[in-house]
Amino acid sequence: MCGIAGIYRTSDKAIQPERVTDLLSALQTRGQEATGVAWFKDGKLLVLKAPLCASSFMGMPDFIKYLPDICAAKWALFHCRLATHGSPTNNLNNHPIYNDEGMVIHNGVVDAADKLPAKGETDTEQILLHLQKYGWNGISRISGSLAIAYVNYKHLDR
């Protein structure tokens with residue numbers, strides 16, 4: 001299954017870049033088909049993802065460019081994907097999965113009895129859509145196993 005992790009800073013001191021790269025390297029053992037990171041900085045949510053294993057992802061110019069911002073962010077979420085639904089070559093299927101209202105990362109495999117209209121092909125997008133349509137009760141409409149981190153854009157500071 002996928003690897004998920006997050007950081008939440010409680011002080012003004014930035015996280016050391018090695019902490020982030022070590023975290024992604026450790027997550028890579030859980031999934032090597034895609035890597036993604038989302039972070040909250042200066043009132044904005046930023047997302048970077050690609051169909052690459054974490055070691056290759058960390059060599060991308062955009063990752064190198066944004067690493068200081070990720071380290072200084074209030075919070076950041078990380079995902080290394082082991083694909084179960086949807087091809088990783090379609091970046092819509094890679095995590096973080098997001099739309100105009102929120103974002104989610106997920107580890108596990110789930111099935112939604114009532115499939116909601118989606119842009120990608122993942123069970124993770126169904127989790128996001130169910131949470132947005134039904135609130136936390138949306139989880140009860142899904143069967144399987146899951147660990148998630150969910151961000152509602154109305155509450156980016158949480």
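**Strand pairing, then a histidine**

I began with Ile97 and found Val104 as its bridge partner in β6. The model is predicted, so to speak for itself: local features need pLDDT of at least 70, side-chain atom pairs count only at pLDDT 80 or more, and totals for chains, interfaces and linings use all residues. Residues are numbered from 1 along each chain as its sequence is written, and side-chain values use heavy atoms, without hydrogens and water.

I looked up strand β5 (residues 97-98) next: 2 bridges join it to β6, antiparallel. Strands here are DSSP runs of E, at least two residues; helices are runs of H or I, at least four; both are numbered from the N terminus. Two strands pair if DSSP finds at least two bridges between them. β5 and β6 form a hairpin, with 3 residues between them.

I then followed β6 to strand β7 (residues 142-152). The two pair antiparallel over 11 bridges. Gly108 stands opposite Leu146 of β7.

How many residues of β6 are buried? I noted 9 of 11 in this strand, residues 102-112. Buried means under 20% relative accessible area, with a 1.4 Å probe and protein chains only.

I turned to His130, in helix α4 (residues 123-134). His130 counts as buried because its relative accessibility is 0%. A polar atom of the His130 side chain lies 2.8 Å from the backbone oxygen of Gln126. I listed contacts (heavy atoms within 4.5 Å). Leaving out residues up to four places away in sequence, His130 touches Ala112, Asp114, Leu116, Gly135, Gly138, Arg141 and Ile142.

Definitions and conventions:
Buried means under 20% relative accessible area, exposed over 50%, partly exposed in between (1.4 Å probe, protein chains only). A polar contact is a pair of N or O atoms within 3.5 Å; within protein, one must be able to donate a hydrogen and the other to accept it, and residues adjacent in sequence count only if both atoms are side-chain atoms.
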